[in-house]
Amino acid sequence: MTRFVHCEKLGRDAEGLDVPPFPGEKGQEIYEKISKQAWQAWLSRQTMLINENKLASFDPKARAYLAEERSKFLFEGNDEMPTGYVPPKI
């Protein structure tokens, strides 16, 4: 059965995640307040941030940076691209 949430990112009701994206309080908050569509948008943004900033997933500073950017993107409406970002030419 499809679960719906009022997505804070999209500002409307949308299909919710099937399970929390990771354990803990923040994962539960995302599960309750963020839609699948918004989560997929974050995953794309996260990939871009990792590539643009050459981040290593094992680096605690990189993990903290991504957690901060995730909160800004999902809950604060920050859609700004990193300084110097040039979109790929298709």
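A pocket is here an open set of grid points with protein on both sides within 12 Å along at least five of seven lines, and its lining residues are those with an atom within 4 Å of a point. In the predicted model, the lining of the largest pocket defined in this way consists of Q46, I50, L55, A56, S57, A62, R63, L66, A67 and R70. The space within this pocket amounts to about 220 Å³.

Two helices contribute to the lining of the largest pocket with at least two residues each, namely α2, spanning 36-53, and α3, spanning 60-75. The largest share is that of α3, which provides five residues. In terms of residue class, six nonpolar residues are found in the lining, together with two polar and two charged ones.

These helices belong to a protein chain that comprises three helices and two strands. Read from the N terminus, the order of the elements is β-β-α-α-α. Along the principal axes, the C-alpha atoms of the chain occupy a box of roughly 40 × 30 × 20 Å.

The protein chain has 90 residues, of which 27% are classed as buried. With regard to contacts between residues at least 6 apart in sequence, 51% link residues separated by at least 24 positions.

Key
Residues numbered from 1 in each chain as written. Predicted model: local features only at pLDDT ≥ 70, side-chain atom pairs only at ≥ 80, totals over all residues. Heavy atoms only, no water. 1 Å grid on protein atoms, 1.4 Å probe; cavity = no way out; pocket = protein on both sides within 12 Å on 5 of 7 lines; lining within 4 Å. Points joined across faces, edges and corners; volume = space filled by probe spheres on them. Helix = DSSP H or I, 4+ residues; strand = E, 2+ residues; numbered from the N terminus. Nonpolar A, V, L, I, M, F, W, Y, C, P; charged D, E, K, R; others polar. Buried < 20%, exposed > 50% of the residue type's maximum accessible area, 1.4 Å probe, protein only. Contact = heavy atoms within 4.5 Å.
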